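Me: I would like to go through this structure and ask what the terms rest on. Please set each value against its definition.

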Amino acid sequence: MSALYIYYRVQPGREQVLAEAIRAMQARLRGGMPGLAASLLQRVELDSGLPTRSPQPTWMEAYHFNGHADQRAWASFHGALARELRTLPEGIDGDRHAEAFSPLPAAPAATSSRKE
């Protein structure tokens with residue numbers, strides 16, 4: 001795994017408090033894990049670029065390590081994230097959905113089938 005994306009809906013009226021708490025959580029995670037990059041994103045409408053508000057805002061946390069991160073680094077991150085989640089205020093509506101991604105392997109080099 002080289003990137004983790006976690007998305008969820010946010011209860012209306014809880015955006016500011018929750019955003020502050022998540023940004024603080026991400027800062028603590030970055031501070032304890034060299035090379036960790038973290039961001040907080042919101043879903044936007046493709047045609048307008050404006051945040052999606054209906055029925056509720058959808059946010060996404062994105063995490064990756066700059067440089068190589070082995071399984072041990074990711075396991076440490078997951079443990080730290082689980083501890084941090086207990087500190088978040090109310091405001092997430094429903095489940096947090098996590099998806100992991102890794103790069104596609106390089107395409108094999110084309111070999112010539114022409115005989116000389």
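Reply: Buried means under 20% relative accessible area, exposed over 50%, and partly exposed in between, with a 1.4 Å probe and protein chains only. Strands (E, at least two residues) and helices (H or I, at least four) are DSSP runs, numbered from the N terminus. This is a predicted model, in which local features need pLDDT of at least 70 and side-chain atom pairs count only at pLDDT 80 or more, while totals for chains, interfaces and linings use all residues. Residues are numbered from 1 along each chain as its sequence is written, and side-chain values use heavy atoms, with hydrogens and water left out.

Me: How do you know that β1 and β3 pair?

Reply: Two strands pair if DSSP finds at least two bridges between them. β1 and β3 have 7, in the antiparallel sense, and A3 has H64 in β3 as its bridge partner.

Me: What does W59 touch?

Reply: Contact means heavy atoms within 4.5 Å. Leaving out residues up to four places away in sequence, W59 touches I6, Y7, Y8, V10, E15, L18, A19, I22, L40, L41 and Q42.

Me: Why are the buried residues of α1 said to line one face?

Reply: Among the buried residues of α1 are L18, I22 and L29. Seen down the axis, the buried residues fall within an arc of 165 degrees (taken from the directions from the helix axis to the C-beta atoms), so they line one face of α1. On the other side, Q16, R23 and G31 are exposed.
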